[in-house]
Amino acid sequence: MKVSLTVDSRLIQADSGRNLLEACLENGIYIPNLCYIDGIKRPFASCRLCFVEIEGEAIPVTACTRTVTGGMAVRTDSEKVRQLQRSALELLLSVHDADCGHCPANRKCELQRLSGILKVKLKSDSLDRYLKDTGAGSRHPFLDYLPNRCVLCGKCVYICREKNEKPVLSFIKRGLDTVISLHLAEPGVEVPCRECLACIDICPVGAIICKVRPSCPDMNRPD
């Protein structure tokens, strides 16, 4: 059943019970986000960027975790919302190696897009920078993972589970040390990554890249 709701003084329609973030995006109303995936049943809500204010509620909420109801009145661009979004983006950038010129996602990067929308410097001087020890690199035969580019949105983990019976990617460690692990197959068992590459396609920041050619598209391999 379609219901009406007001978003930024604009009347829109959406299916009752639909995800609020999805309903706004489908109606051309952009809400900053990094971790949302169309059709996902349980959004990660990890990036903490899609805050909105809903009339009658005391504090802003994440749009990806709310469902549409008739008569809902939503603000996506209030100063309170923008401040929360800027703070979340600054935290992400404080653990991000913003070496855009050497990144295959340059000019296609969601962090660059959000930086422009929210007017936050990619190389923030308001927070101390914390970069992970990258170690010896990936032993995966086809993929490289760069933890200091990763925003831990979880999209690669999700898509790998959806497409492969035995997922290759998962989260490991905790807190600031959390990274994505690229699992190796058992001896004699070939990983599906050569033909898949869905994790590269869905990554918003170029944190997973191809290790070999010609197995992977040139655009995903840095010069």
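**Close-up 1. R66 and its salt bridge with E57.** R66 is partly exposed, with a relative accessible area of 25%; in this scheme buried means under 20% relative accessible area, exposed over 50%, and partly exposed in between (1.4 Å probe, protein chains only). E57 is also partly exposed, at 33%. The closest N and O atoms of R66 and E57 are 2.7 Å apart. A salt bridge here is a side-chain nitrogen of Lys or Arg within 4 Å of a carboxyl oxygen of Asp or Glu. Side chains of opposite charge can pair when their charged atoms come close.

The model is predicted: local features need pLDDT of at least 70, side-chain atom pairs count only at pLDDT 80 or more, and totals for chains, interfaces and linings use all residues. Residues are numbered from 1 along each chain as its sequence is written, and side-chain values use heavy atoms, with hydrogens and water left out.

**Close-up 2. The salt bridge of E22 and R18.** The side chains of E22 and R18 meet at 2.7 Å, N to O. E22 counts as buried, at 10% relative accessibility, whereas R18 counts as partly exposed, at 24%.

**Close-up 3. R113 and E110 in helix α3.** A salt bridge of 3.7 Å, N to O, links the side chains of R113 and E110. The two residues lie three apart in helix α3 (residues 110-118), so about one helical turn separates R113 and E110. Helices are DSSP runs (H or I, at least four residues), numbered from the N terminus. R113 is partly exposed, at 41% relative accessibility.

**Close-up 4. A network of salt bridges.** The structure holds nine salt bridges.
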